[in-house]
Amino acid sequence: LAAVENATPNLELWNHIVRAAGRTKVLHLVGVNERADRVRNMQVERGRFLSRLDMERSARVAFLGPEAATRLFGAEDPLGRTLQIDSIGFRVVGIARAKGEQLINTGNRDDLIVFLPYTAVQRWLLRDDQVREMIFSPRVREQSDATIVSVRQILAPHHGFDYENDTALWFGNMWDTLKVIFAMMMAMRLFLYGAGLVTLLVGAVGVMNIMFVAVGERTHEIGLRKAVGARSRDVFAQFLAEAAVVSVVASVLGAALGLLLVEAFLAAQRAEGQVVGEVVVDPLTIVVLLLALIATAVVAGVLPARAAARVSPSEALRG
């Protein structure tokens, strides 16, 4: 089908005993074809992925997720080594690059799976030629519902069912789940944007009030400076510069404190044995936020600085 970009059988063997390097582990096995790496968005870290020739020969080879490889072989290099499944040897031909946490996965994460040629699974483990499940990726994810209809239409005459009969052949659409997750993420993003704007406004009001208090307390100093020759714009620049310096120092310290709190939270989660996803620190975002904070503080300092610049020297000295 032109609407389908890649497809693979998906023959799952749950909680299967696998032996290798003197270790015995219970792992998730999946029989796939040579296009599964593209369907599941996997990248090869070492070795190679399963090939078309492996399918044609029902080759006893295996491609391991990185965590599955560590569980079976520890710190040893798994490439070229043999693992035993039902007393049948499978040679390791490749290791996947770590994915870490996945937004959506069916069953175990890909890092914990042992991938085998589906023909080898049929011949050596299942001992039948049936494909009970497949996974495919549409070329355009927003058109996944229409693609499912096309797939049902092309499968129906081969398997003797009406393509409109939902109970004859079950389909799951990951895009339906992703749409809900993306909507939740957008709602969270909008909430955080709103909270950030409110925080900036509160901070601006705070800076403005503090600067007005500072102007009131330093009236004598302002009058003295003007009496010895300082111009109004000099006083304005002084107070505006003070607001900028305070905002720069506070912004940098706040960003550093935020990063430290995130690291402390992650460390506490890991210490409790909880699964923690990878945290990505975006330098550009931090720089933009710092500039926004500094700009807000400087703008908030304009009115107090103008008030300071308008102080009359005679009144200030008399006071």
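Buried residues have under 20% relative accessible area, exposed ones over 50%, and partly exposed ones fall in between (1.4 Å probe, protein chains only). By that scale valine 279 is partly exposed, with a relative accessible area of 40%. The model is predicted, and local features need pLDDT of at least 70, side-chain atom pairs count only at pLDDT 80 or more, and totals for chains, interfaces and linings use all residues. Residues are numbered from 1 along each chain as its sequence is written, and side-chain values use heavy atoms, with hydrogens and water left out.

Valine 279 sits in the loop between α8 (232–271) and α9 (283–300); helices (H or I, at least four residues) and strands (E, at least two) are DSSP runs, numbered from the N terminus. Together with Leu259, Val262 and Val281, Val279 makes a nonpolar surface patch of about 290 Å². Such a patch joins nonpolar side chains (Val, Leu, Ile, Met, Phe, Trp, Tyr) within 5 Å, taken from residues with over 30% relative accessible area and no salt bridge.

A pocket is an open set of points on a 1 Å grid over the protein atoms alone, with protein on both sides within 12 Å along at least five of seven lines, and lining residues have an atom within 4 Å of a point. Of its 26 lining residues, Leu192, Asp282, Thr285, Ile286 and Leu289 lie nearest the centre. α8 gives the most to this lining, 8 residues. By class the lining divides into 17 nonpolar, 6 polar and 3 charged residues.

The largest pocket holds about 1,700 Å³. It is lined by 43 residues, with Val39, Ile135, Phe136, Ser137 and Met174 closest to its centre. Two or more lining residues come from each of β1 (4–9), α1 (36–39), β9 (134–138), α5 (144–159) and α6 (174–217), and β9 has the largest share, with 5. Here the classes are 21 nonpolar, 12 polar and 10 charged.

Side chains of opposite charge can pair when their charged atoms come close. The structure holds 15 salt bridges, each a side-chain nitrogen of Lys or Arg within 4 Å of a carboxyl oxygen of Asp or Glu. Aspartate 110 pairs with arginine 40, with the closest N and O atoms 2.9 Å apart. Aspartate 110 is in the loop between β7 and β8 (113–117) and arginine 40 in the loop between α1 and β4 (44–47), so the bridge ties together parts 70 residues apart in sequence. Aspartate 110 is buried at 5%, and arginine 40 is buried at 12%. Aspartate 110 also meets lysine 99 in a salt bridge (2.7 Å, N to O); lysine 99 is partly exposed at 27%. Arginine 109 pairs with aspartate 111 at 3.9 Å, where arginine 109 is buried at 18% and aspartate 111 at 2%. Elsewhere, Glu34, Arg52 and Glu56 form a network of salt bridges.

The backbone has its own points to note. Most residues other than glycine have a negative phi. Asparagine 15, in strand β2 (residues 11–20), has a positive phi near 45° and is exposed at 61% relative accessibility. Serine 87, in the loop between β6 (82–85) and β7 (88–96), has a positive phi of about 65° and is exposed at 69%.

Conventions:
Patch = residues over 30% accessible without salt bridge, like charges linked within 9 Å, V, L, I, M, F, W, Y side chains within 5 Å. Areas by Shrake-Rupley, 256 points an atom, 1.4 Å probe, with all protein chains shown as cover. 1 Å grid on protein atoms, 1.4 Å probe; cavity = no way out; pocket = protein on both sides within 12 Å on 5 of 7 lines; lining within 4 Å. Points joined across faces, edges and corners; volume = space filled by probe spheres on them. Nonpolar A, V, L, I, M, F, W, Y, C, P; charged D, E, K, R; others polar.
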